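Subject: Structure handover and findings

Dear colleague,

Please find the structure below, together with its sequence.

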Amino acid sequence: MNTTTLTAFEAAPALTLGGFLRARRARLAPAPGVGGRRRTPGLRREEVAARAGVSVTWYTWLEQGRGGPPSDHVLEQLSKALELDGAGREVLFLLAQQRPPPIKFTPMATAEVEPALQRVLDAMPYSPAMIKTPTWDVVAWNAAAQAVLGHSGDQSMEERNVLRRLFGSATPRDLFPEWEANARFAVGVFRVEIARAGDQNPEIGALAAELLATSADFRRIWAENDVHRHWIGRKHFNRPDVGPFELETSAYNVDGSEGLSMIVFTPVGPDDVEAVRRLMAMAL
């Protein structure tokens, strides 16, 4: 970085919680006929405080950088009071608590996948790809995923849940030569997602309790307290009709959709592409 760039960077105004609150407050128009003439645009502090259900003194302190970090509840109330969208809510939490907000739960029954996102999945003809919720319910997939991973449109919610399938008895484990490693990784990622959801997502805790009650393997792995993040790795599969093949896996958060993530399994080589192609042909 050269001297000119450093100088420009150092001269840039800092983004602070107080400045952000003031700027967003100034963008909001009061209700018609409320408050009379105003010297400055936007809402007054007392109006934002009333909307958020906090005292004017406390809100004033927040704009002045005093009073310590506000709680999650106060930040959620301020987000509603200031009519913030998803990006604004995230910035509010980052400035106030130096962390993103808790993930809002997206139930499988109400999770909406935009047609453009489904087209992204369908544009990967031989790479199985799917969209999942924080509770690992699969809400969208492509034809390759249906053939390789067994997700079908007429399956029940339980059958379309990755963790239930992984730790249930219906899926033969000999189809996954690295089942133990895959299971440990999945539980580690699931533990992180529980922490991210906090108390915003009772369903994710209920799923953990269900698996602890029904699966000895889940209880054993859960007790190890390992945590993992999604990363790029390789998974080995074995299907009787096509033999062993290898797929590279990667995960991506879906912007604009709380808690949804896209998992993509990419064939490593030509033989792996052919294995996926043959499975898709047999699924027709």
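In strand β5, Thr266 is the bridge partner of Glu248. The model is a predicted one, in which local features require pLDDT of at least 70 and side-chain atom pairs count only at pLDDT 80 or more, while totals for chains, interfaces and linings use all residues. Residues are numbered from 1 along each chain as its sequence is written, and side-chain values use heavy atoms, with hydrogens and water left out.

Strands

Helices (H or I, at least four residues) and strands (E, at least two) are DSSP runs, numbered from the N terminus; two strands pair if DSSP finds at least two bridges between them. Strand β4 (residues 243-253) runs antiparallel to β3 (residues 233-239), to which seven bridges join it. A hairpin of three residues connects β3 to β4, and Asn238 stands opposite Pro244 in β4. Seven bridges also join β4 to β5 (residues 261-267), again antiparallel.

Aromatic rings

Rings of Phe, Tyr and Trp (its six-membered ring) pair if their centres lie within 6.5 Å; planes under 30 degrees apart count as stacked, over 60 as edge-to-face and the rest as tilted. The whole structure holds seven aromatic pairs. One of them, Phe190 with Trp222, is tilted, at 6.5 Å centre to centre and 55° between the planes. This pair links distant parts of the chain, with Phe190 in helix α10 (residues 179-197) and Trp222 in helix α12 (residues 216-222), 32 residues apart. Phe237 and Phe245 are stacked, because their ring centres are 5.3 Å apart and their planes at 10°. Both Phe237 and Phe245 are buried (under 20% relative accessible area; exposed is over 50% and partly exposed in between, with a 1.4 Å probe and protein chains only). Phe167, Trp179, Phe190, Phe218 and Trp222 form one aromatic cluster.

A charge sits over a ring if NZ of Lys or CZ of Arg is within 6 Å of the ring centre and within 35 degrees of the ring normal. Arg191 lies over the face of Trp222, 3.9 Å from the ring centre, and the charged end of Lys132 sits over the ring of Trp136, 4.5 Å from its centre.

Helix α13

In α13 (residues 270-283), the residues Asp272, Ala275, Val276, Leu279 and Met280 are buried. They fall within an arc of 135° seen down the helix axis, so they line one face of α13; the arc is that of the directions from the axis to the C-beta atoms. On the other side of α13, Pro270 and Asp271 are exposed.

Yours sincerely

Methods. The expected span of a helix is 1.5 Å times one less than its number of residues.
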